Amino acid sequence: MTTHAGRLAEPAPAKALNRARPSLGSRIASGVGGGAVRVVLLLVGLFWLVPTIGLLLSSLRSPEDMGASGWWKVFTAPSQLTVDNYQKLLENGDITNSLLNTVLITVPATVLVVVIGSLAGYAFAWMEFPGRDWWFLGVVGLLVVPVQVALIPIAELFGKIGLFGSIAGVVLFHVGYGLPFAVFLLRNFFAEIPRELLEAARLDGAGELRLFARVVMPLGGPAIASLGIFQFLWVWNDMLVALVFSDSGSQPITVALQTQVRQFGNNIDVLAPGAFISMVVPLAVFFAFQRQFVSGVMAGAVK
Amino acid sequence: MTSATAGGTAPVPPARTRKSVTGTRKAVVALFLLPALVLLGALVVYPIGYSVVRSFYDQQGDGFAGFDNYKALFTDDGIRTALKNNIIWVVFAPSVATALGLVFAVLTERVRWGTAFKLVVFMPMAISMLAAGIIFRLVYDQDPDKGVANAVWVGVHDTFAPSSAFPKAHPGRRSPLVADKGGFVTRDPVHTGQSVALPLVGVAPDVMPDSAGKAVQAATDPGRVTGTAWQDFTRGKGVGTLGRVDPSELGYSGMRIEAVKDGEVVDSAKAGADGTFSLSAKADGARLRLPASNFAEPYNGVDWLGPSLVTPAIIGSYVWMWAGFAMVLIAAGLAGVPRELLEAARVDGANEWQVFRRVTVPLLAPVLAVVAVTLMINVLKVFDLVFIIAPGSSQDDANVLALELYRKGFSEGRPGVASAIAVFLLLLVIPVMAFNVRRLRREVRR
């Protein structure tokens, strides 16, 4: 910061010459020195944190305390903090069951997208078949198709084949909508693998499957990590798809909490800890894999 | 969208050199491709065709309906509100998020803890819209004792306009006061040398101002109008002596008293702790008024989730989630801006604002466009936040297309209209689809 300010100060004489009529913007900008920037960013950061802190502290207060005063009261009365809400929540069969469902939906939906997407991505990158690039462009075109388009048709389709209301149905839908991005990302990444590497493996006697499993997949690590994290979070955080395709037995935590929101006000002791529990895994992923997370989200945000 | 550019740092090898190294058999190609193509065909392509066809049939699905379902897009009240709100969303949410992202990206370059700041602002991207919805349901709670937005708002408001202390006060029996424009006024004119009694009742003991002391009958002053405003109520004994100050009755500390002559305020005073006040000789012959401001209900904050503010409020929560996305993308773009260019501009005498406005922003224009377009597509499909944050009473006012599609399709039993909305959404994203394909075709066919 100081070095930066020093650098700014240097061309001051030149600046002075040009400063005949500083506009309002200029004056604000020159007023925004190091100190001001720091204060502004500090306030913005605080502003960004307050909503989440509010949820966390609300989840740690009894419903009676929540009815009587705002969550910020705990700063003056820390004795109000309690984990009772969490205990009650984890004794609630519906909630624990829906948490389990979230895992049962998210893990297969992520693994399947990575595997099927890698196979297709490799085929589009390194196999020869008629119309290869056209097929690939077709898949890329599907990238931005809104999920909403498929809700009614797939609900009817799943109804006919008995997948409606099942975990498998929700997983399948997520795989379908995860694939365009997966194929797009992985094909581009695989296409940059040096040809010599593949040829060398081929000369060692590797078949297509072996080549894929032993050379392509390991080399695709970074892209696969980004894709996996993006897809994992996408499915874990989804509410709409599960709202349509799951029933009370197969619903994930988002849908279970959503039904509680309808009576917001009387059940903050369920909602706040529930929302926080549902956030724990994504936040852990976020802090553990920041780099892959960022690149995954950046690349996949078109969805 | 961005990975194409990120992946393009090393040029994609021309198609000819990416010939198969094994001379693949057809069966193997099928093995690799079929799972993806079958799933895409059944789950993504088929629904598009189905929706298009379905949108031309009636709600039962057996009669051809022509364009009736599309007409509903512009005649159905629910859809029209949704359309209007979607336009508001698309105009404001991406632009605000992008602008904030740009400012944050530029400013974080100047502090050492920029990374920590980015982490904080980017964090909401990790959580579900449902969780964000619950978070903001809490933030926007109407009760200033629950919702932090109203707590702050009321706090600021009361600093500048303290709420009145006597919300429920009113004249008792045989009072000299009559109601007047939300306040009260004496029936008869008052005169100098008089000590006027202004008895009221009805303020609960626990809301009386802390400063209120024992009321006393004001001493008379030949050159002034004096008097007492007090709570004419003795606990346990009812009114005590009606219209007279009894020993344990409390003064209306801080009550504002105006002397009104012919509709004009000629003098005013504030009651002291013992309820007494004193007005100058100008008040002679005037009537005394206790204006409405004394009796206003306490300020309760803004109804964030009421019909008029609910959409801006939800957009606020969206910006909270997505400004971090804009910031990180723009910061990545900013890292690619050659420092020498900025330095050169500074050496040439440009100040920080000019550097920002004339150098940084134009250089970042492509990134800003990508961010804004990405957010626009995202905003078109916004569902969870509206579904969760808007309370039942104002959900109609907060309606958006994706929500209306869900309602029409799954709770109102009108799949024909819902399909028409779906096709409409699809049409809106087709330009982006075409753009993606065109750009990639150049890369693929090199």
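Student: What separates domain 1 of chain A from domain 2 of chain A, in terms of their C-alpha centres?

Tutor: The two C-alpha centres lie 34 Å apart. Domain 1 of chain A covers 29-82 and domain 2 of chain A covers 92-298, with bounds that come from an automatic or database domain assignment. This is a predicted model, in which local features need pLDDT of at least 70, side-chain atom pairs count only at pLDDT 80 or more, and totals for chains, interfaces and linings use all residues. Residues are numbered from 1 along each chain as its sequence is written, while chains are lettered from A and ligands numbered from 1 in the order in which they are written.

Student: How do you know that domain 1 of chain A touches domain 2 of chain A, and how many residues take part?

Tutor: Residues are in contact if their C-beta atoms, placed from the backbone, lie within 7 Å. The contact takes 6 residues from domain 1 of chain A and 6 residues from domain 2 of chain A. On the side of domain 1 of chain A, the elements that give two or more residues are H4 and helix H5 (63-68) of chain A.

Student: Which residues count as nonpolar, polar or charged, and how does the side of chain A that touches chain B divide by class?

Tutor: Nonpolar means Ala, Val, Leu, Ile, Met, Phe, Trp, Tyr, Cys and Pro; charged means Asp, Glu, Lys and Arg; the others, Gly among them, are polar. In all, 99 residues of chain A are in contact with 98 residues of chain B. Helix H4 (residues 34-59) of chain A supplies the largest share of the chain A side, 14 residues. That side has 69 nonpolar, 21 polar and 9 charged residues.

Student: What makes S3(B) and S7(B) edge strands?

Tutor: In chain B, an open sheet of 3 strands has the order S3-S4-S7, with mixed pairing. Strand S3 (195-200) and strand S7 (276-279) each pair on one side only. S4(B) (residues 225-231) meets S7(B) antiparallel over 4 bridges, and Gly227(B) has Phe277(B) as its bridge partner.

Student: What makes a group of residues a nonpolar core, and which residues touch the most other members of the largest one?

Tutor: A core is a set of buried Ala, Val, Leu, Ile, Met, Phe, Trp, Tyr and Cys residues joined through C-beta atoms within 7 Å. Buried means that 20 or more other C-beta atoms lie within 10 Å of the residue's own, with C-beta atoms placed from the backbone; exposed means 12 or fewer, and partly exposed is in between. The largest core holds 172 residues, of which Ala326(B) and Val386(B) touch the most other members. Helix H8 (residues 310-335) of chain B gives the most to this core, with 17 residues.

Conventions:
Two strands pair if DSSP finds at least two bridges between them. Two residues are in contact if their C-beta atoms, placed from the backbone, lie within 7 Å.
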